[in-house]
Amino acid sequence: MTQPVAQNSTIRNVLLAGILLMLAGDFLFALNDAMGKWLVASFSVGQVVLIRSIGAFFVLGPMIAHQGAAKLFRMERPELQILRVVMTTLDTALFYAAVVYLPLADVMSFYMAGPIYVAALSHLLLGEKVGWRRWVAILLGFCGVVIMLKPSSAAFSLSSSFALAGSIAFAFAIILNRRLRGTSDTNLVTWQTIGTLLVGGVLTIGAWQTPSALDFGAMLLLGIVSCSAHLMITRALKLAPASTLAPLHYTLLLWAVVFGLVFFGDVPSPRILIGSGIIVLAGLFIFHRQKVVDTTVPPENVPKGVN
């Protein structure tokens with residue numbers, strides 16, 4: 001009798017640890033995004049991305065040393081690895097390009113549509129069966145995106161298109177994650193960081209501004225925070241079911257609203273609130289239906305931090 005009680009207590013503790021790690025990781029991702037918005041107001045996107053990528057190696061360095069640098073070059077499906085690096089680099093660069101002009105909550109709302117794109121792309125690219133209920137949810141999610149975009153010649157902006165394109169690149173990266181399940185997180189994160197470092201270096205040519213010690217440290221911290229958040233969410237997914245953690249990821253949107261209001265004075269418009277509300281509801285329904293139909297939700301379906 002004592003053993004089942006102790007086992008149930010252990011399971012509850014493990015689940016609680018997963019939930020707390022997920023919430024902490026999402027908070028750090030939102031903090032990372034707010035810091036990034038603050039920095040790209042003074043420095044070029046390329047420079048922020050370059051120094052941020054260098055900062056990430058403060059976290060990745062010990063991980064690479066632990067597994068051995070040689071393992072970085074033992075690639076599963078190198079063509080997919082390269083494509084994933086391209087998509088994650090686009091995701092990061094377009095996100096920062098968008099937040100130069102758009103409120104943080106607006107950009108984050110576009111990225112919250114990632115799971116909706118994933119559900120549609122999984123049917124088209126992976127041959128996964130998507131029932132009519134999920135297709136209805138996908139279409140409703142797209143309606144939420146259209147509401148946020150407000151596509152007219154007067155309202156549709158280049159910044160909105162950056163956010164939209166970045167969220168689609170993010171969805172493709174998630175799909176590629178599912179195709180590369182056998183690759184370690186260290187390899188995946190290291191190569192995507194190298195990709196953003198190289199692109200940041202190219203974009204910085206002719207646009208370098210010598211930062212103060214505070215700004216340089218903030219850019220390095222940006223990489224440390226982002227990488228730490230990614231590792232927290234990865235660990236959370238190993239401790240608790242993805243179907244339990246998926247709804248918690250939408251706290252990113254809440255933090256984006258709070259940070260945008262506190263640090264930048266941005267108040268989300270009714271159009272953004274309505275559109276993001278539709279997207280969140282559609283995304284939650286897709287997670288629910290996948291749990292009902294497939295009994296398990298692959299970890300890769302959980303929208304990871306956009307950066």
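Patches are made of residues with over 30% relative accessible area and no salt bridge, like charges being joined within 9 Å and nonpolar side chains (Val, Leu, Ile, Met, Phe, Trp, Tyr) within 5 Å. In this predicted model, local features need pLDDT of at least 70 and side-chain atom pairs count only at pLDDT 80 or more, while totals for chains, interfaces and linings use all residues. Residues are numbered from 1 along each chain as its sequence is written, and side-chain values use heavy atoms, with hydrogens and water left out.

Leu254, Val258, Leu261, Val262, Phe263 and Val267 form a nonpolar surface patch of about 610 Å² (Shrake-Rupley method, 1.4 Å probe; for residues, only the protein chains shown count as cover). Val267 lies in the loop between helix H11 (251-264) and helix H12 (270-294); helices are DSSP runs of H or I with at least four residues, numbered from the N terminus. With a relative accessible area of 65%, Val267 is exposed (over 50%; buried is under 20%, partly exposed in between; 1.4 Å probe, protein chains only).

One salt bridge was counted, defined as a side-chain nitrogen of Lys or Arg within 4 Å of a carboxyl oxygen of Asp or Glu. This salt bridge joins the side chains of Arg77 and Glu79, at 2.8 Å from N to O. Arg77 is partly exposed at 37% relative accessible area, and Glu79 is likewise partly exposed, at 44%.

Helix H5 (residues 114-125) packs against helix H7 (residues 158-179) at an angle of about 55°, the axes being 9 Å apart. H5 is therefore oblique to H7 (angles under 35 degrees count as roughly parallel, over 145 as roughly antiparallel, 65 to 115 as roughly perpendicular and the rest as oblique). Axes are lines fitted to C-alpha atoms, for helices over the stretch in contact, with angles from 0 to 180 degrees between N-to-C directions.

Terms used:
Helix = DSSP H or I, 4+ residues; strand = E, 2+ residues; numbered from the N terminus.
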